[in-house]
Amino acid sequence: MKSLWDAAAVHGGTIAGELVGPGGAIKLSALSTGSTLPGELEALRGLSVLVATAEQLPTALALLELDGVVRRMVLCTPDLTDQQLAAVASTAQADAILVSKSSHALASKCARPIVLQPLAVAAPAERRVSERTEWVLLTSGTTGAPKLVVHTLHSLAGSLPRQSAAGDHVWSTFYDIRRYGGLQIYLRALLSGSSLVLTTTAEPTRDFLGRAAAARVTHISGTSSHWRRALMSGAADRINPQYVRLSGEIADQDILDSLRSAYPKSRIAHAFASTEAGLAFEVNDGLAGFPETFISQQASASPARVNLNVVDRTLRIRSQGAAARYLGEESTRLADEDGFIDTGDIVQLVNDRYFFRGRRGGVINVGGMKVYPEEVEAVLNADARVHMSLVHGRRNPITGSIVVADVVLSDHSGTLGEAESAEAERVKGELMNACRQALPAHKVPARLRLVSALEVTAAGKLVRPDG
Amino acid sequence: MSVRNEILATFRQVADTQGRTLAPLSENLKLTDCGLDSLGFAIVISALEESLHTDPFNSSAWSEFPVTLGDFIKLYERAVD
């Protein structure tokens, strides 16, 4: 059994490469003789821990130390509310919570707080593996509570190249490494002995690109929305990457063409992955969608690492990179009996190529973040004046989609006449305020319309437009 | 209201509701320096689609992402014409 440390270490038990944050570079070799958990690591052996730092860098260091030592580690995203963090701690049966500042008052309510050192402190560090650590990632659910998706190092990194001649590569990602797309890049960098440039909270895109340029980044990934923002920053030409990667959102032909013209010499690839199903494929021909041959010409001989299928218009994936299960929802099956996971992504075949057409069930992708309409509707419907509401996505050139809401008021006669429009505006404003209070910004409707009726099926369900 | 004034008013309104401080709006202000994040821009474009009845990004009329506020306004002025 190999830990991330073992897999990343080269001869002599040291790890090449650096993690680059805004304050400078941290050499990973410092972890050979030190620890960000001095004196604490052994006490965590076999336990369940939350890693809940504000910035990515302390988490990036801690994951290297914890894999193979703890039973379970939950990679908490920094946008969690106090209530969500408490729920995650409970579901994960957390024994301890690793934070970057002792002032994290909430942490002590969830589990035993441990403060991570910002740099490896010289300490005897025994790197002994005793656990097949669960890596738990968080993803949105239909309720306000995040879903906990259980992976292992093998499911996350099993297909990634190891210790290739990649020492001269420098990776970076616009993603947070605590989300699937960013974690892939973190693992790629570590396992190939490369350095990695990390973003920080609220860092202007231009500053980040400046740092990436200074670190001579060669490989960089982000969502379509990240790349649109980079192109709008006027600083995209600061970097000169060999490889530009898009994932986490539909890559349409516009963004692929824009990147092609910004980086004429780069290899530009878009990948399809999901937190649950793992990485499915990468498309390298510069065209949106993917070739039909990905489905029709799958090797039937050797068991492939990834199999694709399209059933009822949605893409299904069977992969050794898939998650094992949801934590706390053991009854919810991830895969069907043949091992395929339904991604919920609708695809359409046009002239030998499949194109992504949004998501089934109305799930909205706002800049790479999933929004379940039910969660937003629950906030709207909690207002006694609301009879019913329908939340759906609307195409947007910046974030791919945005959230919009159609609301039927209980007494909707008042919204129809001209004279009552001031009253209608007031109700709309109050409903928007309720959403802003209860939901993170990307889930708040960008537009709220009062309508007189919504379409309902014979079974009494709201008619949801796909995608 | 002119297209320009409608756009400026929308920037201010979105910044206000998002709790963000807007930089002084000038022709050469880089959009990414104006104080709005990606979501803020997405909301601005959505609001302008409603008030100006046009989404210049959804047509073939544009080829390059606007970098400055001036570029952004010109894109809309051309679309409305």
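Chain A of this predicted model is divided into domain 1, covering 4–345, and domain 2, covering 363–450, with bounds that come from an automatic or database domain assignment. The C-alpha centres of domain 1 and domain 2 of chain A lie 32 Å apart. Where the two meet, 15 residues of domain 1 of chain A are in contact with 13 residues of domain 2 of chain A, a contact being counted when the C-beta atoms of two residues, placed from the backbone, lie within 7 Å. On the side of domain 1 of chain A that touches domain 2 of chain A, α8(A) gives the most, with three residues. By class, this side of domain 1 of chain A has one nonpolar, 11 polar and three charged residues; Ala, Val, Leu, Ile, Met, Phe, Trp, Tyr, Cys and Pro count as nonpolar, Asp, Glu, Lys and Arg as charged, and the others, Gly among them, as polar.

Helix α8 (residues 224–232) of chain A also packs with helix α9 (residues 253–262) of chain A, their axes coming within 11 Å and crossing at roughly 45 degrees. That angle makes α8(A) oblique to α9(A), the word for angles that are not under 35 degrees (roughly parallel), over 145 (roughly antiparallel) or 65 to 115 (roughly perpendicular). The contact is made by S224(A), W227(A), R228(A) and L231(A) of α8(A) together with I255(A), S258(A), L259(A) and A262(A) of α9(A), and these residues divide into five nonpolar, two polar and one charged.

Another helix pair is formed by helix α11 (residues 373–381) and helix α12 (residues 421–438) of chain A, whose axes come within 9 Å and cross at roughly 125 degrees. The helices α11(A) and α12(A) are therefore oblique to each other. Here V376(A), V379(A) and L380(A) of α11(A) meet L431(A), A434(A), C435(A) and A438(A) of α12(A), and the residues of this contact divide into seven nonpolar, no polar and no charged.

Beyond chain A itself, 17 residues of chain B are in contact with 22 residues of chain A. The side of chain B that touches chain A has 10 nonpolar, five polar and two charged residues.

As for confidence, chain A averages a pLDDT of 88, and 92% of the residues score at least 70, on the predictor's scale from 0 to 100 for each residue. Local features need pLDDT of at least 70, side-chain atom pairs count only at pLDDT 80 or more, and totals for chains, interfaces and linings use all residues. Residues are numbered from 1 along each chain as its sequence is written, while chains are lettered from A and ligands numbered from 1 in the order in which they are written.

Key: Axes are lines fitted to C-alpha atoms, for helices over the stretch in contact, and angles run from 0 to 180 degrees between N-to-C directions. Helices (H or I, at least four residues) and strands (E, at least two) are DSSP runs, numbered from the N terminus.
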